[in-house]
Amino acid sequence: MSNSVRESGTPAAISIRGLTKTFGKGSHLVEAVRGIDLDVRTGETFGFLGPNGAGKSTTIKMLCTLADPTGGEATVAGHDVIRERDEVRRHIGLVFQETTLDTYLTAEQNLRFHAELYGVPRPELGPRLDEVLSMVGLNDRRDDLVQTFSGGMKRRLEIARGLLHSPRVLFLDEPTIGLDPQTRASIWEYLGELHRREDITVFVTTHYMDEAEHCDRMAIMDEGRIVALDTPEALKAAIGEDRVKIQTDDDDAAIKRLADRFDIEATTVGVDGNTSAVSFGVAGGEQFVPRLFDELGVPIRSVTVTRPSLDDVFLAYTGRTIRDAEAAARPVPPWARR
Amino acid sequence: MSTTQAPVAAVRLPTTGLRHQLRATSVVWRRELVRFMRDRTRALTGLVQPLLFLFVLGTGLSSLVSRGTDIDFRTFLYPGIVAISVLFTATFAGISLVWDREWGFLREMMVAPVSRASILVGKALGGATVATAQSMVMLALCGVVDIPYDPVMLVEMVVLLFLAGLMLTAMSLAMVVRIRQFQAAFPLVQMVITPMMFLSGAMFPLSGLPRWLDILTTLNPLTYAVEPMRHVVFAQLSLSASDQATLDPGLTWGDWQVPVPVQVGVVVVVTIGLLALAIARFDRTE
């Protein structure tokens, strides 16, 4: 029965058409999601990126049947999120931003609770518990109270729980938020491992641009719309330009010279607090550097050339860096937050 | 990304049915018990108030109020206080739904493919069980106030306590299902249960009350939970007819003496009504 999706040949694990969500009314109307279209392929790891308040979480809530769309439609694992709510729920696993474990229970008790709620057949439960617990490396901690767990361990347990009922699609909403870099990396290792072990589609939201590198494809959402959708490599390649940063004796003169001589628009950016640098984008940055020394006419103290990062991708598609976008994010009503 | 077809111990979920809903109810129920067992402090503090009522208030007032009758005031007070011991724990169990919401665990239940009724019924049964378990300590003290340890009485009391606990947990749930902050839930429930406690006949006999008080006690559903308990306990005592009339006059609707089974029926009907209300108010989509 859970095979029906694959057997009927439906390629999309998630299919979204014209999905909208608004909160409030009149002058207090907030358009959190402004009509998005998206297909997530079966078996891929799909990254959903954007600053806080971009509408990512509202979208994920609608896909998980936790919020009703104002307009449009969506199917998850072949089931309509409005008309077939329980069917959708049976076929998805969820890992939320905030922990939803009962810390007064042990790890195993939390998993058993989940298994009963989802109706996992009892004979299959024992082996499945071993499987998901060892996948996230918590088998030896299964009888410990969750309140003794670190943030990373709790997150891993939640991933194990989300997988317990063998969902077709695993949703993770900011699974690495609030974790240290090392733990973040280990969470992504477990997610990578997933595809080797389970036949599953992973839909993950994040606002850490570097994490999107782990995804097969990604969409960037900004102000309720999807502004870019492709593989991380293709998105970076589409920008084409490398980023060059130079430290000079006279930044203003350098910027003026870059504009006059090379027709390049450059800006001053801060480096380590007190020092500043001139930053600009240019195709073939490494070849450009020698010309720069010959023709700029302003003494250059240092040069760095970087390949476009996903931060640059975000900048290119939204006109802001993700940090600026977060700082400027409009206040989001509490029920729609993140 | 290509998925390797390694043998995967994937589980297959059966189609949703009554059996699945019952499993969900059962696990929500068992969680309440596990949490109660882990929380010794809560189990102990829940007993402080009823013990104070029985032994401090009861002893203090007994010299004043026992004069007209042959029976110790504490003996009179006992069934009412046992009922009150259920009241606190049961209503707190209902409030724990708000706690679950604040700590995120409610979401784990809300996104599961089960009906909200299954979740709330489990929660109500859990609250009632925990409250009954706690009131057993009070029940064990009946000898201290000169009430014999009669097995039938004790069994009847446990059943009545469970029903009262179920009604009070359901009432508490119905009040808090839409509340998002724990601090807001507590005063609200307190505001309702305190008058209910005073107007239930737990603390004073229902005989010779002024008209307004008589009306309020008759309307109070808790009265229908306390009266049967008093009836069961007093059946163990050899009371004079006048003491019986003073201390346990029973409940009347107009001129009709309401029989004990009908009183219990009122509790059951109110419980079902409150549960239905709680389920209807329980917003599933956040």
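This is a predicted model: local features need pLDDT of at least 70, side-chain atom pairs count only at pLDDT 80 or more; totals for chains, interfaces and linings use all residues.
**Entry 1: domains of chain A**

I began with the division of chain A. Domain 1 covers 4-236 and domain 2 covers 241-307. I then looked up the separation of the two, and their C-alpha centres lie 42 Å apart.

**Entry 2: the four-stranded sheet**

I went through the sheets of chain A next. One is an open sheet of four strands in the order 2-1-4-5, with antiparallel pairing. Its edges are strand 2 (30-41) and strand 5 (79-80) of chain A, each of which pairs on one side only.

I looked at the pairing of strand 1 (residues 12-23) with strand 4 (residues 71-76) of chain A: the two run antiparallel and are joined by five bridges.

**Entry 3: the six-stranded sheet**

The next sheet I looked up in chain A is open and has six strands in the order 6-7-8-3-9-10, with mixed pairing. Strand 6 (92-95) and strand 10 (225-230) of chain A form the edges, each pairing on one side only. From one strand to the next the twist averages 15°.

Within this sheet I checked strand 3 (residues 45-49) and strand 9 (residues 217-222) of chain A, which run parallel and share four bridges. Here A:L49 stands opposite A:I220 of strand 9. Helix 2 of chain A packs on this sheet as well, touching strand 3, strand 7 (169-173), strand 8 (201-206) and strand 9 of chain A. Its direction makes about 150° with that of strand 7 of chain A.

**Entry 4: chain B**

I counted the elements of chain B: eleven helices and two strands. Read from the N terminus, they run α-α-α-α-α-α-α-α-α-α-β-β-α. The C-alpha atoms of chain B fill a box of roughly 90 × 35 × 35 Å along the principal axes.

Of the 286 residues in chain B, 42% are buried. I also looked up the sequence range of its contacts. Among contacts in chain B with a separation of 6 or more, 83% join residues 24 or more positions apart.

**Entry 5: where the chains meet**

I took the contacts between the chains next. On one side are 42 residues of chain A, and on the other 31 residues of chain B. Helix 3 (85-90), helix 4 (107-118), helix 5 (122-135) and helix 7 (181-197) of chain A each give at least two residues to the chain A side. Helix 4 of chain A gives the most, with six residues. By residue class, the chain A side holds 15 nonpolar, eleven polar and 16 charged residues.

**Entry 6: nonpolar cores**

Which residues touch the most other members of the largest nonpolar core? I found A:A160, A:F171, B:A83, B:A164, B:M167, B:A170 and B:A225, in a core of 148 residues. Helix 3 (residues 73-102) of chain B supplies the largest share of this core, 17 residues. Another core lies apart from it and has ten residues, including A:I246, A:A277, A:V278 and A:F280.

I followed A:F171 further. Neighbours within four places in sequence aside, A:F171 is in contact with A:I60, A:L63, A:C64, A:I92, A:G93, A:L94 and A:F203.

**Entry 7: two residues with positive phi**

I finished with the backbone. A:E223 is not a glycine, yet its phi is positive, near 50°. A:E223 sits in the loop between strand 9 and strand 10 of chain A. Is A:E223 buried or partly exposed? I list A:E223 as partly exposed because 18 other C-beta atoms lie within 10 Å, and burial takes 20 or more.

In chain B I noted B:D146, also a residue other than glycine, with a positive phi near 65°. B:D146 lies in the loop between helix 5 (116-140) and helix 6 (151-176) of chain B. B:D146 has 13 C-beta neighbours inside 10 Å, so I list B:D146 too as partly exposed; a count of 12 or fewer would have made a residue exposed.

Conventions: Residues are numbered from 1 along each chain as its sequence is written. Chains are lettered from A and ligands numbered from 1 in the order in which they are written. Two residues are in contact if their C-beta atoms, placed from the backbone, lie within 7 Å. Ala, Val, Leu, Ile, Met, Phe, Trp, Tyr, Cys and Pro count as nonpolar, Asp, Glu, Lys and Arg as charged, and the others, Gly among them, as polar. A nonpolar core is a set of buried Ala, Val, Leu, Ile, Met, Phe, Trp, Tyr and Cys residues joined through C-beta atoms within 7 Å. Two strands pair if DSSP finds at least two bridges between them. Axes are lines fitted to C-alpha atoms, for helices over the stretch in contact, and angles run from 0 to 180 degrees between N-to-C directions. Domain bounds come from an automatic or database domain assignment.
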